[in-house]
Amino acid sequence: MKLQYLGTAAAEGFPAVFCNCEHCRAAARDLAREWRSRSQVLIDGRLLIDFPPDSYAHALRFGVDLSAVRHLLVTHSHTDHFYAQEFVNRGYKFAAGMKEPRLDIYGNEEVFSVYRESTRREMRAEVGENIAFHVLHPWQKFTAGGYEVLTLPAVHTAGEETLLFCIRADKTVLYLNDTAPFSEEVYAFLRAEGVRADLVSMDCTQLDRAASKRHMNLQDNVFVRQKLLEYGICGPYTKYYVTHFSHNSAPLRDRAERLAASYGFCAAHDGLTVEV
Ligand SMILES: [Zn+2]
Ligand SMILES: [Zn+2]
Ligand SMILES: [Zn+2]
């Protein structure tokens, strides 16, 4: 299983879209290395997790053919995870020679509502009919393009069922953002499903800053890893990555990588490819 981080920043990006703080100015001096766009991960070139406004830039920057993506999992409706307006361009005279004419989008009810609102004005019937939306809730199990997907409840935002994903094929990936440390039931469910995670990708918006009610810092990541180990979901074979960094955390590559490594994690960066 090949996992590629296309974006590793929180909602505002790094450098942040309207910011001139010292961290953002430092990042802007070496964009080739420091630019973190909004979070997105591509699995095996065909299963996408989240669709931020930077998806188009990701396609150009990393040579990704977005038309080859048949299945899209969406964690929640925040704009940095789901920029639905873009889908009006997926067909008709705006796209030719697409590898996969059909797209299946999986997300919670709020994501579905954002999809409808965002495409209502401009979606052509011949584009919309090739996009199917599947409403998800926590504790579900389904198959998407040969991957088995489990949905779990995050701790993130009121009024919406933000989802964590467990994705299984020959290997198993846990995708854990956006979220604060989550309930004991999540670990119990994963154990009951016999999950053995080869790779765990965790929200680390806060990095070495104070804990948050909606996101994690490195101490929270340590807590989650400890729980996963206690429940037998992870083991010595598991790789741990942290991502979704806020500009407030000064996530310059050297700093983020050094801090993460001191806890036994790898700090992801835009373009990073991991094989498990
Ligand atoms: Zn986010
Ligand atoms: Zn800034
Ligand atoms: Zn969010």
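I began with the metal pair: the zinc ion (ligand 3) lies 3.6 Å from the zinc ion (ligand 1), and D178 coordinates both. I note that this is a predicted model, in which local features need pLDDT of at least 70 and side-chain atom pairs count only at pLDDT 80 or more, while totals for chains, interfaces and linings use all residues. Residues are numbered from 1 along each chain as its sequence is written, chains are lettered from A and ligands numbered from 1 in the order in which they are written, and side-chain values use heavy atoms, with hydrogens and water left out.

For the zinc ion (ligand 3) I listed H76 (NE2), H78 (ND1), H156 (NE2) and D178 (OD) as coordinating residues, at 2.1 to 2.5 Å; donors are N, O and S atoms within 2.8 Å of the metal (3.2 Å for Na, K and Ca), and sites may look incomplete because water is not among the atoms. Along the chain, the donors of this zinc ion (ligand 3) have the spacing H-x1-H-x77-H-x21-D.

I then checked accessibility, where buried means under 20% relative accessible area, exposed over 50% and partly exposed in between (1.4 Å probe, protein chains only). H76 is buried at 0%, whereas H78 is partly exposed at 23%.

Next I turned to helix α3 (residues 55–62), where S55, H58 and A59 are buried; helices (H or I, at least four residues) and strands (E, at least two) are DSSP runs, numbered from the N terminus. The face turned away from the buried side of α3 carries the exposed residues Y56 and L60. After α3 comes G63, with a positive phi near 65°.
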